[in-house]
Amino acid sequence: MASPQREPPRRLDSRKYSVMATPGREGQQIQAGVYAGRAIGVFTSGGDSQGMNSAVRAVVRMGSYLGCKTYYIKEGYQGMVDGGDNIVEATWASSSGIMQLGGTVIGSARCKDFREVEGRLRAAENLISRKIINLVVIGGDGSLTGANIFRQEWPSLLDKLFDAGRITKEQFDECSHLNIVGMVGSIDNDFCGTDMTIGTDTALHRIMESVDTISTTASSHQRAFVLEVMGRHCGYLALVGALATEADWVFIPEWPPEDGWEDHLCKKLSAERATGQRLNVILVAEGSIDRHGTPITANQVKDLLTDRLKYDTRVTVLGHVQRGGSPTAFDRILGARMGAEAVLALMDATPDTPACVISLDGNEAVRVPLMQCVERTKNVQNAMNERNFEEAVKLRGKSFQNNLATYRLLSKLQPPKKTADESSVGKRFAIMNIGAPACGMNAVVRSFVRLSLAQGYTVLGIHDSFDGLLYGRSTELINVVKPMSWTEVQGWSGRGGSLLGTRKVLASKYGIEKIAKKMKEYEISGLVIVGGFEAYHSALQLTEARKDYDSFCIPIIVIPCTISNNVPGSDFSLGADTALNEITDICDRIKQSATGTKRRIFVVETMGGYCGYLATMSGLAGGADAAYIFEDKFSITDLRDDVFHLKNKILNAGVQRGLVLRNEYANPHYTTDFIEQLFSEEGKGVFTCRKNVLGHMQQGGVPSVFDRNYGTKLAAKAVAWMAQQVKEYTQEDGKIFTNHPSTSTLLGMRRRHMEFTPLQELAEGTDFEHRLPEDQWWLKLRPLLRILAKHTEMDYIAETLPEGVVDLEELEF
């Protein structure tokens, strides 16, 4: 097979701290069985992390698809050294039902033997006996470094084994080099060169759940809680956890507090209690230090609050709770993508190819040189040892820097001493929600309100979308368009739905002229609209009406927030991550409900309108056999083939349950009912079928860490941009006027950067009939979904049927 056209390597950061990245092969056509005869070993090493099992599963199944033999190496390096039953051939069925499990099903252990030459000789001998010269290692930087040393020593190890007569000349020639590809499994997210490591997102969820739970009892008794989280050398968990939970203070190793922090902390907490706040939450990374390198412990902080402020304070050490539990949707998908790419990287490797690690760069899986990343990771600790904390933060990468900058910005905010109308600014920003409610909306509003108030602006909260703007009062008691206060938005980040209220209607339905009149009446200087496709389309309608109404000649920002993830201009919409977690959790429960019963297939309908993002991504996270969506057309032949596929898996792979997802608008004729009835009829004698329509459960729940953090950072970016535009376009009479296309924009994430894109520019690449962007990055993941579900050519079915069976319907159970 001809080598595919590859993009040239690129730098992950355009700074001296950058590492080179080579794009992976996600989305490229890959021929089944093309690498038949090769052998792959996969093992997990070091501390366990949630999502490792998904990565192992993907390695096994991608290897199987390519025709490779794949081996589990149990108990990490120790199993490699001991050999025997610790190195066993993996089958497709043996990797079934593991991706929803935490930890690692193939075990992990520390190994002193591997540190000695004799131990590595035994490990090499065990691998050579099975012709394993391709290794996938899932672990931290220590495990990956050990694997690279093993690779470099491989030729000398072969010489010693051959000279000692422990391997044959044929084995010596066949196994002349060793290829290594790594994946980072670490809840600390302490490996430089990747946006996220496997397990980090789930650990953050455990922290968020703990803080949310503690907050209720703390508020009841007006207590302060000090929580110690993992992070001996890296403060990522504490930092992002603090942003997501609205913590009052955070201690991390990379950015110790200034001298006199005790006074500042007590002053800050006292000021917050004076505003009526009933609880305080402080997060402490276990490796926290002050500027002189002296450790800062949770008990030390607790004693400070008790002695100085007389607060009823409790300490909670989360410990290994952070490592436990079922992986989040993100970690399952990340493990699946990295595992599949790791196998492809091994197949592409040559004897001269340096060891690489699979990393996440925005929405793309890439390959980066292993030792460059290890070296940069070590440099972080060196910088911290030298008390060069600014350098340490830079070495952590842009994501860490942005999180720290956002936290520092929010932590310094104080309630304004005078109202905005009394200040020198005196401008009015307005914020509203449009579209279906989605988790993350409230996080945006909270941060936008507080940041704007701190800069002297008034923020008008427009309740119930355009209904509230046009009609002013929904009852005699509630003012629907009113200035929002500092304390009003306390605790909003962790609440789902839309506390401002929202409507799923376009601006044009209300009348553009009426909206213009009301915006002029309220003297709005800038407008922020948070919501889904209706929010984007409504803002575009207001922008196009600028030529007729000066009221719209103000800065306008759209922040995409919808579980459907169908707004152009952003790879990710607020709310979609929470919805994916809800769907994944529900599908786990649905499949579990059939434990111990007859073989059963579940047909599950997801939301998303015409956008198949939820169905596709939850299919990857839930191990679905198929996901039917509008963008990827399917026919009755495809449905028939999928029935045969499921029958074969049940008959020959020992699978007891199957999962089929369907996006709600995937096809007007092949409805969820139709698919369920078709599968029920054609599966008689082999499996039964059940239907589940998830409905609005997907919109509910508690916002995920990603949605809370993402919403907070979008709001901070929006306030900075809005303030700049107001300053630039304020006329001599004090009014705001701008009709430049760049001042009506959408703020979203593209790859790994938050970008403003003019709405009129986005309109050129939008399918308004089906409410979809014309370019959707996640479609490249659909082939992976089918590969991991063991979809190959259909002619293999007849070959694998029991002898004498002519028709699958003749089988009885």
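**Exercise 1.** In this predicted model, determine how the residues of the lining of the second largest cavity divide into nonpolar, polar and charged.

*Solution.* Begin with the cavities themselves, of which the count comes to two at 30 Å³ or more. The second largest cavity holds about 120 Å³ of space, and 15 residues line it, those closest to its centre being Arg-25, Glu-26, Gly-27, Ile-30 and Leu-784. Sorting the lining by residue class then gives eight nonpolar, two polar and five charged residues.

**Exercise 2.** Find which elements give two or more residues to the lining of the second largest cavity, and which of the helices gives the most.

*Solution.* Two or more lining residues come from helix 10 (329–348) and from helix 24 (782–788). Of the elements, helix 10 gives the most to this lining, with four residues.

**Exercise 3.** Describe how helix 14 and helix 22 pack, giving the angle and the separation of their axes, the hand of the crossing and the residues that make the contact.

*Solution.* First take the geometry: helix 14 (residues 441–454) and helix 22 (residues 705–728) pack at an angle of about 35°, and their axes lie 8 Å apart. The crossing in which helix 14 passes helix 22 is right-handed. Next list the contact, counting heavy atoms within 4.5 Å: helix 14 contributes Ala-443, Val-444, Ser-447, Phe-448, Leu-451 and Ser-452, while helix 22 contributes Asp-707, Arg-708, Gly-711, Thr-712, Ala-715, Ala-716, Ala-718 and Val-719.

Conventions: Residues are numbered from 1 along each chain as its sequence is written. This is a predicted model: local features need pLDDT of at least 70, side-chain atom pairs count only at pLDDT 80 or more; totals for chains, interfaces and linings use all residues. Side-chain values use heavy atoms; hydrogens and water are left out. Axes are lines fitted to C-alpha atoms, for helices over the stretch in contact, and angles run from 0 to 180 degrees between N-to-C directions. A crossing is left-handed if the near helix is turned anticlockwise from the far one by less than a right angle, and right-handed if clockwise. On a 1 Å grid over the protein atoms alone, a cavity is a set of points where a 1.4 Å probe fits but cannot get out, and a pocket is an open set with protein on both sides within 12 Å along at least five of seven lines; lining residues have an atom within 4 Å of a point. Grid points are joined across faces, edges and corners, and a volume is the space filled by probe spheres set on the points. Ala, Val, Leu, Ile, Met, Phe, Trp, Tyr, Cys and Pro count as nonpolar, Asp, Glu, Lys and Arg as charged, and the others, Gly among them, as polar.
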